[in-house]
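Biologist: I would like to go through this model element by element. Please end each answer on the value or name I ask for.

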Amino acid sequence: MSGAARPVLVVAEQLDAAADMVVDQLNQRGVPVMRFDVAEFPQHLTLTGSHMPQEPGWTGTVDDGRRTVRLEEVRAVYWRRPARPLIADSVPEPYATWAQNQADAAILNVLVALPGVPWLNNPHTDRPAAHKPQQLTVATRCGLTVPRSLVTNDPDAARRFAKETGGPLICKPLLGGRLHVGEERPLMVATHRVDPADFDDSIRTTAHYFQESIPKAYEVRLVAVGEKVFGGKLITTGEAAGTDWRTDYDHIEYDTVDVPDDVATAVRRFLAHYGIAFGSFDFAVTPAGKWVFFENNPAGTWAWVENRTGLPIAAAHADYLMGDTA
């Protein structure tokens, strides 16, 4: 099979704008695509993988009932926030959870074992890259500026940190995700300002992630794909958006910004450290022009950046998946 005819696997939820945009770019270039969600496995997707002694990798097929792709012909994998496998309702607990874990391990680990196949991003390396406290140490080693930060469940330590920083503080989640409260819509736990005068023993209930509040001229969602970096500029015009722009999209103005060479170089080092090729990085740019790293989202959203700014991020994904990493 010729290189152009080898298929790309796009593994994503059905309603995912970023995956749609990447598929469109690959279609425009004549690259065959098989898109599926892991939630389709094992009820509506069939995986058959075979490995023999002395063979370099797995052979077999992935079949969704409409088309079949041979594992040994897969060109690349775009792994974009798929759901977990869905087991038939006829399987009772605890067997359903056991079966789900088996299916999860099978679909991922057989694909990961395909030799020489590039990923955006391989989940085995993607997941460690999402750990926020570790990100700060890696970012520092790579040459990025980071905020002064504290993780603690000790109210006295939090008070000392507030005194040492001498300015306003914010508190943010250590781990992404939403709160599911009854039948109501899941709640997002946003970054929020905190007043040290309110610190009390409730801090002991769990770990808290405090940071100094960075003065912002504007913020940047920096999207990195392979060696390419794109700067989406966010100018917030409201207090809530200025603290966490995800809470108030009505008070954001969008533009593009050139990424300084030293920041771009440090971001590439960051990706290389984790062995990933994609990241959605959040930065603040101070009134003095200094770029301050907050975090990287190794499966972060970016479709809205392209839609608001015209930056060719989907095209960069397609380039990478086709083997053009320059």
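Biologist: Which residue caps the N-terminal end of H1?

Modeller: The model is predicted, so what follows describes computed geometry. A side-chain oxygen lies 3.1 Å from the backbone nitrogen of Ala-18, at the N-terminal end of H1.

Biologist: What distance does H1 reach from its first C-alpha to its last?

Modeller: H1 covers residues 17-28 and has 12 residues. At 1.5 Å a residue, 16 Å is expected. The model comes close to that, with a reach of 17 Å.

Biologist: Which helices do the buried residues of H1 pack against?

Modeller: The buried residues of H1 are Ala-18, Ala-19, Met-21, Val-22, Val-23, Gln-25 and Leu-26. Their packing partners include the strands S1 (8-12), S2 (33-36) and S6 (76-80). The helices they pack against are H8 (303-309) and H9 (313-321).

Biologist: Which residue with a positive phi follows H1?

Modeller: The phi in question is near 75 degrees. The residue that follows H1 with this value is Gly-30.

Biologist: How many residues of S6 are buried?

Modeller: Ala-76, Tyr-78 and Arg-80 point one way from S6, and all are buried. Val-77 and Trp-79 point the other way and are buried as well. S6 is thus mostly covered, and the count of buried residues is five of five.

Biologist: In what sense does S6 pair with S1 and with S7?

Modeller: S1 and S6 are joined over five bridges, with Val-77 in S6 as the bridge partner of Leu-9. S6 and S7 (residues 119-120) are joined over two bridges, and Tyr-78 stands opposite Leu-120 in S7. The sense of pairing is parallel for S1 and S6, and for S6 and S7 it is also parallel.

Biologist: In what sense does S4 pair with S3 and with S5?

Modeller: Five bridges join S3 to S4, and Thr-46 stands opposite Asp-63 in S4. S4 and S5 (residues 68-70) share three bridges, where the partner of Asp-63 in S5 is Thr-68. S3 and S4 run antiparallel, and the sense for S4 and S5 is likewise antiparallel.

Biologist: Which residue in the hairpin of S4 and S5 takes a positive phi?

Modeller: The hairpin has four residues between the strands. The positive phi, near 90 degrees, belongs to Gly-65.

Biologist: Is Gln-54 buried or exposed?

Modeller: Gln-54 is not a glycine, yet its phi is positive at about 75 degrees. Its place is in the loop between S3 and S4 (59-63). Because the relative accessible area is 78%, over the 50% cut-off, Gln-54 is exposed.

Biologist: What is the relative accessible area of Arg-81?

Modeller: Arg-81 lies in the loop between S6 and H2, with a positive phi near 50 degrees. Arg-81 is partly exposed, with a relative accessible area of 43%.

Biologist: How many disulfides does a search of the whole structure find?

Modeller: A disulfide is a covalent bond between the sulfur atoms of two cysteines. Cys-142 counts as buried at 8% relative accessibility, and Cys-171 is buried with a relative accessible area of 8%. The number of disulfides found is zero.

Biologist: Which residue has its backbone nitrogen 2.9 Å from a polar side-chain atom of Thr-152?

Modeller: Thr-152 lies in S8 (residues 149-152) and is buried, because its relative accessible area of 10% is under 20%. Among the residues Thr-152 touches are Ala-157, Ile-203, His-208 and Phe-210. The backbone nitrogen at 2.9 Å belongs to Asp-154.

How values were computed. Residues are numbered from 1 along each chain as its sequence is written. This is a predicted model: local features need pLDDT of at least 70, side-chain atom pairs count only at pLDDT 80 or more; totals for chains, interfaces and linings use all residues. Side-chain values use heavy atoms; hydrogens and water are left out. Buried means under 20% relative accessible area, exposed over 50%, partly exposed in between (1.4 Å probe, protein chains only). A polar contact is a pair of N or O atoms within 3.5 Å; within protein, one must be able to donate a hydrogen and the other to accept it, and residues adjacent in sequence count only if both atoms are side-chain atoms. Contact means heavy atoms within 4.5 Å. The expected span of a helix is 1.5 Å times one less than its number of residues. Two strands pair if DSSP finds at least two bridges between them. A disulfide is a pair of cysteine sulfur atoms within 2.5 Å. Lists of a residue's contacts leave out its neighbours within four places in sequence.
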